[in-house]
Amino acid sequence: MTQESLKNIEGKITSPLISTQQLNEILEKANVKIFDVRGIWGTDPRSLHNDYLWGHIPGAIFLDWTQEFVEQNKPLNLASVSGYEEAKRSFKTLGINKEDTVVLYDDDYHMFAGRIWWAMRYWGFENVYVLNGGYTHWKSQGLTISREIPEFAMGTFEPLQQKHLRVSLEDFLLQKDTTCVFDGRGIAGYNGKPEDPRTGHIPGAISTPYNVIIDTKTGVFRDKQELLTLFDDAAPNWRAETIISSCGAGYSGTVAMLALASLGVQSSLFDGSFSVWKQDPNRPVEQSF
């Protein structure tokens, strides 16, 4: 890899995605911090930590997505003073400094790595990437797996809130009718259940399922033209609109955000998404079958 391409990986390009080859070539750099964000909904993170102990990308540090960059007991609220303090603690305890390059990976359609990618950027850390294809793709390439637990010093990065990346419920109520709202959940969640009228989606939200954005054979994001076609088919005027990404609780929606960012398009996240929207019985819900 040339010096120029190495600089590109370290913050000179707009894409948030880094390939397995690119990561493999910078593993030994001191300022590259890699985080294992593997997770499965409903699974105790302690068992996921055991998976990490059995094998991970060399140099990777385990990051518990249920504990980092969230307010404890308020996992959908990042914007308060308490959220700032939690973010500052996370940057410190994870050893992240301003000059670092951070790479995140998971093995569940990038939604957990995507969530942390978004949260780090929301708190002002820009030089953060998601491994395209995640841990599963890394292994499929025959690349090195390690059981060594890295040592690292406390980090010094100071968070600085980037309000344009997050849409609160109050903001969403004002903006939803004049923006393009993409719902990144799987189609079943978007459609809802006939027996439960409070399932489904926010009226006007457009389905862009996370598992359609990803190539199911390789686990990597679809190529640029495929993504453009996907978004064009979903919402023909999306390129001319402000985009808000939504989902169930602020996780799978970040997969659409990553795809859009790889196309050079910035979007914001309705943090809390449908789980917050449906709490008020007076707010309408749509279903599709």
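Which residues in α5 meet which residues in α11? The legends below start from that contact, in a predicted model.

**View 1. Packing of helix α5 against helix α11.** M111, G114, R115, W117 and W118 of α5 meet T254, V255, M257, L258 and A261 of α11. By type, the residues of this contact comprise seven nonpolar, two polar and one charged. Helix α5 covers residues 111-122 and helix α11 covers residues 253-262. Their axes lie 8 Å apart, and the helices pack at an angle of about 70°. Angles of 65 to 115 degrees count as roughly perpendicular, so α5 is roughly perpendicular to α11. The crossing of α5 past α11 is left-handed.

View 2. Nine of the ten residues of α11 are buried, which leaves the helix mostly covered. The buried residues are G253, T254, V255, A256, M257, L258, A259, L260 and A261. Among them, T254, V255, M257, L258 and A261 also take part in the contact with α5. G264 follows α11 and has a positive phi, near 85°.

**View 3. The largest nonpolar core and the surroundings of F231.** In soluble globular proteins, nonpolar side chains tend to be buried together. Here the largest nonpolar core holds 68 residues. The members that touch the most other members are L23, I57, L104, M120, I213, F231 and W238. Helix α5 supplies the largest share of this core, with nine residues. Leaving aside residues up to four places away in sequence, F231 touches F182, T208, I213, W238, A256, A259, L260 and L263. Of these contacts, I213 and W238 are also listed among the core members that touch the most others, while A256, A259 and L260 are buried residues of α11.

**View 4. V212 in helix α9.** V212 is located in helix α9, which spans residues 210-213. Is V212 buried, partly exposed or exposed? The relative accessible area of V212 is 37%, so this residue is partly exposed; buried would require under 20% and exposed over 50%. Not counting residues up to four places away in sequence, V212 touches R222 and L230. L230 is 18 residues from V212 in sequence, and the C-alpha to C-alpha separation of this pair is 8.5 Å.

Definitions and conventions. Residues numbered from 1 in each chain as written. Predicted model: local features only at pLDDT ≥ 70, side-chain atom pairs only at ≥ 80, totals over all residues. Heavy atoms only, no water. Axes fitted to C-alpha atoms, helices over the stretch in contact; angles between N-to-C directions. Helix = DSSP H or I, 4+ residues; strand = E, 2+ residues; numbered from the N terminus. Parallel < 35°, antiparallel > 145°, perpendicular 65-115°, else oblique. Left-handed = near helix turned anticlockwise from the far one by under 90°. Contact = heavy atoms within 4.5 Å. Nonpolar A, V, L, I, M, F, W, Y, C, P; charged D, E, K, R; others polar. Buried < 20%, exposed > 50% of the residue type's maximum accessible area, 1.4 Å probe, protein only. Core = buried A, V, L, I, M, F, W, Y, C linked by side-chain atoms within 4.5 Å.
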